[in-house]
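Here are my notes on the model you asked me to look over. Have it open while you read, as the points go residue by residue.

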Amino acid sequence: MTQMLDATTADDETRFFQHDQRFHDLIIQASGNHRIREIINRLRASTRILGASTAGVDRTLVDTAHEHDPVFDAITRGEGEAAAAAMHAHLSHTGRLLVQQNVKKLGLDLDADEVWERITTSY
């Protein structure tokens with residue numbers, strides 16, 4: 001966590017996202033689910049190739065870093081369900097922001113929240 005915040009102080013987005021990815025990857029790795037780890041890493045690579053990022057658009061790097069606090073805190077307290085709920089909230093927030101950005105960027109006459117609900121139903 002401190003490494004992400006250090007990167008925000010240096011305004012180093014590349015380093016920030018390296019630490020962000022490591023944070024998420026360590027959690028996935030600890031789950032022992034190698035298939036989901038592979039899927040998520042591919043999705044993350046695809047998102048980066050497309051240039052999709054909320055950094056500096058809808059939230060700062062500091063905001064993004066602090067979204068990880070509830071996840072980290074729950075993990076350190078050994079509260080798996082709370083950690084899962086906090087991670088879900090963090091990922092959902094990020095996903096919603098990305099959908100909103102793209103609806104706006106493409107000038108689509110769509111409700112971004114409805115799009116989000118449609119694409120995430122049953123997840």
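1. **Ground rules.** This is a predicted model, so local features need pLDDT of at least 70 and side-chain atom pairs count only at pLDDT 80 or more, while totals for chains, interfaces and linings use all residues. Residues are numbered from 1 along each chain as its sequence is written, and side-chain values use heavy atoms, with hydrogens and water left out.

2. **Helix H2, end to end.** H2 covers residues 13-31, which makes 19 residues. Helices here are DSSP runs (H or I, at least four residues), numbered from the N terminus. From first C-alpha to last, H2 reaches 27 Å, close to the 27 Å expected at 1.5 Å a residue; the expected span is 1.5 Å times one less than the number of residues. After H2 comes Gly 32, with a positive phi near 80°.

3. **What H2 hides.** Which residues of H2 are buried? They are Phe 16, Phe 17, Asp 20, Phe 23, His 24, Asp 25 and Ile 28. Buried means under 20% relative accessible area, exposed over 50%, and partly exposed in between (1.4 Å probe, protein chains only). The cover over these residues includes helices H1 (2-9), H3 (34-49), H4 (61-67), H5 (69-76) and H6 (80-105).

4. **Two contacts worth a click.** Asp 25, in H2, has a relative accessible area of 14% and therefore counts as buried. Setting aside residues up to four places away in sequence, Asp 25 touches Arg 37 and Asn 41; contact means heavy atoms within 4.5 Å. Over in helix H4 sits Thr 64, also buried, at 4% relative accessibility. Beyond its neighbours within four places in sequence, Thr 64 is in contact with Phe 16 and Arg 59.

5. Side chains of opposite charge can pair when their charged atoms come close. The structure holds nine salt bridges, each a side-chain nitrogen of Lys or Arg within 4 Å of a carboxyl oxygen of Asp or Glu. One of them joins Arg 44 and Asp 20, at 3.2 Å from N to O. Arg 44 lies in H3 and Asp 20 in H2, so this pair ties together parts 24 residues apart in sequence. Both Arg 44 and Asp 20 are buried.

6. Arg 35 and Glu 38 form a salt bridge at 3.3 Å, N to O, and are separated by about one helical turn because they are three residues apart in helix H3. Glu 38 also bridges to Arg 42, again at 3.3 Å, N to O; those two sit four residues apart in H3, about one turn of the helix. The shared partners join Arg 35, Glu 38 and Arg 42 into one network. Arg 35 is exposed at 52% relative accessible area, Glu 38 is partly exposed at 38%, and Arg 42 is exposed at 54%.

7. **A nonpolar patch.** Ile 36, Ile 39 and Leu 43 form a nonpolar patch on the surface, with about 230 Å² of accessible area together. Leu 43 belongs to helix H3 and is exposed, with a relative accessible area of 52%. Patch members have over 30% relative accessible area and no salt bridge; nonpolar side chains (Val, Leu, Ile, Met, Phe, Trp, Tyr) are joined within 5 Å, like charges within 9 Å. The areas come from the Shrake-Rupley method with a 1.4 Å probe, and for residues only the protein chains shown count as cover.
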